[in-house]
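Here is a note to read alongside the structure, written for someone meeting it for the first time. Please keep the view open and turn to each place as it comes up.

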Amino acid sequence: MKPTLNRRLGVFGIVFMVVAAAAPITVVAANFPLILSISGSIGLPSMVLAATLILLLFAVGYTWMSPRVPDAGAFYSYVRQGLGHRAGLGTASIALLSYVLLTVSMTCYLGVQTGNLINLWLGVTPPWWLISGIMLVIVGVLGYRDIELSAKVLGFVLVLEVIAVLAIDLGVLASGAELSTAALNPAEALVGAPGLGLLFAFLGFFGFEATAVFRNEAKDPERTVPRATYIAVITIGALYFVSSWLVVSGLGEDQAVAASNEAPDSVIMDLAGSVIAPIFADLVQVLVVTSMFACMLSFHNIVTRYLFTLGQRGVLPAALADVHAKHRAPSRASLWVSIITSAVVVVSALAQLDPVVQIYTWYSGAGAVGVIWMMALTSVAVIAFGRSQKGALAPSGWVVGSAVLGGLGLLGVLAISVWNLPVLVGGTTEALIWGGILIIAFVGGMFLPAKPQAFDAAAELANADADADADADADADADAGAAEAEPAASAR
């Protein structure tokens, strides 16, 4: 009998996996100053709140689909079910391209940031590509093993990140800084360049959408995946909303934008050092590096699950769907992700691309547009699938209304991201090139030689594995109960 995936991830295991991809301390330390700078507005909390509401509305339809499409393909599976097989394949192609680009962008940026940290401590700066190579090996080893190992590593790093963010928030409160009321005024979010501000606030949530990707490794996916999705969005949104308000207050509502323009890389570190202790600024720098590592590991695991699922569906070679006999993990798929990401990093380094200005900017910008594209397409697919369901299977008015509103919000964010693609990738020429690559990936993916019937057969197999694991757990519990009852009966 072939080994099956471990199904031991609970709600918080999945939450750790996806929230770590959002990289909270990196968002606070790097994205917040960027949003203040490019928007020219202190309406950061309102931008975060708007992004949270759009994603919560999206999550309603997304989680409604989860038990109705019992498959770990997430965007690919949902779009396929709602808009047809070819649209699903195009989405799968975009998913692989986008998440590989995001993984590589974070890998290279991590090499630079770690090198800067080593230089701060030791006075020497190793080549960024050497550090990135070491990180690829570590992530490759973790990804090859049982998913629980990754969840434990990510959980540990995430707890440190959240503690650090909360420490900055409490430091601002304890410092006696005047709490800004203007920053909470929604009208402030419309000052300057509100579209760009909303876009970058939205990017701070990336990763949460992958909850369904871990469906095949969840204990009770029909309940675990929806709960993890809502918890992830609400947790990230609440943390960012409160922290953005206190960051603006700590910097001063009259100085926040100017301070972010002057020193976007260090303004939050300086704030942390001033409201807590000077050494805390160094600690935040360390946590930004560990946060990037966690983000890199999370994206690696997401790409791995896509490859594994596409191998099951016959879209890619079936060998990618092999499960390691010992680790009960998609180890072969993980190994290929390591090979692919390493190859892209090597080619990028040999081409002498700048790791931040070019690699990080280009790859993360294009990958971000790809993910937003998939989310908008998934919203349309949810509505289309809902309309095809009749009677008791049909979605409620609440689900339909939320999907429509969430879809409109995502289409708006997609329009903003496409319009500002030159900003995301660093130029108009680059925007045309990367936009063309995304379109070619989607259209090319639509014609992949896959068998539609393989989708349903693989989904049935996954459900059978889940039922078998559930029965095995029930039998184990029953045996444990019987073993405990025997001594008690003997004693009587």
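**Notes on the structure**

1. Let us begin with a charged pair: arginine 305 and glutamate 217 join their side chains in a salt bridge, with N and O 2.7 Å apart. Arginine 305 belongs to helix H12 (residues 278–312), while glutamate 217 sits in the loop between helix H8 (194–203) and H9, so this pair ties together parts that are 88 residues apart in sequence. Both arginine 305 and glutamate 217 are buried. Please bear in mind throughout that this is a predicted model.

2. How many salt bridges does the count come to? The count is 3 salt bridges. As background, side chains of opposite charge can pair when their charged atoms come close. Another of these bridges links aspartate 220 with arginine 223, and here the closest N and O atoms are 2.6 Å apart. Aspartate 220 has a relative accessible area of 26%, so it is partly exposed, since buried would require a value under 20% and exposed a value over 50%.

3. There is also a salt bridge between the side chains of arginine 332 and aspartate 322, at 3.1 Å from N to O. Arginine 332 is in helix H13 (residues 331–350) and aspartate 322 is in the loop between H12 and H13, so the pair ties together parts that are 10 residues apart in sequence. Is arginine 332 buried or partly exposed? With 41% relative accessibility, arginine 332 counts as partly exposed. Aspartate 322, at 29% relative accessibility, is partly exposed too.

4. Now for the rings: the structure holds 11 aromatic pairs. In one of them, phenylalanine 32 and tyrosine 240, the ring centres are 6.0 Å apart and the planes stand at 80°, so the pair is edge-to-face; the cut-off for that class is an angle over 60 degrees. Phenylalanine 32 is part of helix H2 (residues 24–39) and tyrosine 240 is part of helix H9 (residues 221–251), so the pair ties together parts that are 208 residues apart in sequence. Phenylalanine 32 is buried, and tyrosine 240 is buried as well.

5. Ring pairs also build a cluster, made up of Phe58, Tyr62, Phe75 and Tyr78. Have a look at helix H4 (residues 75–83) while you are there: the helix is mostly covered, with 7 of its 9 residues buried. Among the buried residues of H4 are Phe75 and Tyr78, which are both members of the ring cluster. After H4 comes glycine 84, which has a positive phi, near 110°.

6. Which helix packs against H14? Helix H14 (residues 355–388) packs with helix H17 (residues 428–445), at an angle of about 45° and with the axes 10 Å apart. The two helices, H14 and H17, are therefore oblique to each other, and the crossing is right-handed. On the H14 side, the residues making the contact are Trp362, Tyr363, Ala366, Val369, Gly370, Trp373 and Leu377. From H17 come Glu430, Trp434, Leu438, Ile439 and Phe442.

7. A further helix pair is worth a look: helix H6 (residues 128–144) packs with H12 at an angle of about 50°, the axes lying 10 Å apart. That makes H6 oblique to H12. H6 and H12 make a right-handed crossing. The contact uses Met135, Leu136, Ile138, Val139, Gly140, Leu142 and Gly143 of H6, together with Phe293, Met296, Leu297, His300 and Asn301 of H12.

8. To finish, here are two backbone details in loops. Alanine 23 is not a glycine, yet its phi is positive, at about 55°. This residue, alanine 23, lies in the loop between helix H1 (11–22) and H2. Its relative accessible area is 5%, so alanine 23 is buried.

9. The other detail is arginine 328, a residue other than glycine with a positive phi, near 50°. Where is arginine 328 found? Arginine 328 is in the loop between H12 and H13, the loop that also holds aspartate 322. With a relative accessible area of 26%, arginine 328 is partly exposed.

Technical notes
Residues numbered from 1 in each chain as written. Predicted model: local features only at pLDDT ≥ 70, side-chain atom pairs only at ≥ 80, totals over all residues. Heavy atoms only, no water. Phe/Tyr/Trp six-rings, centres within 6.5 Å; stacked < 30°, edge-to-face > 60°. Helix = DSSP H or I, 4+ residues; strand = E, 2+ residues; numbered from the N terminus. Buried < 20%, exposed > 50% of the residue type's maximum accessible area, 1.4 Å probe, protein only. Salt bridge = Lys/Arg side-chain N within 4 Å of Asp/Glu carboxyl O. Axes fitted to C-alpha atoms, helices over the stretch in contact; angles between N-to-C directions. Parallel < 35°, antiparallel > 145°, perpendicular 65-115°, else oblique. Left-handed = near helix turned anticlockwise from the far one by under 90°. Contact = heavy atoms within 4.5 Å.
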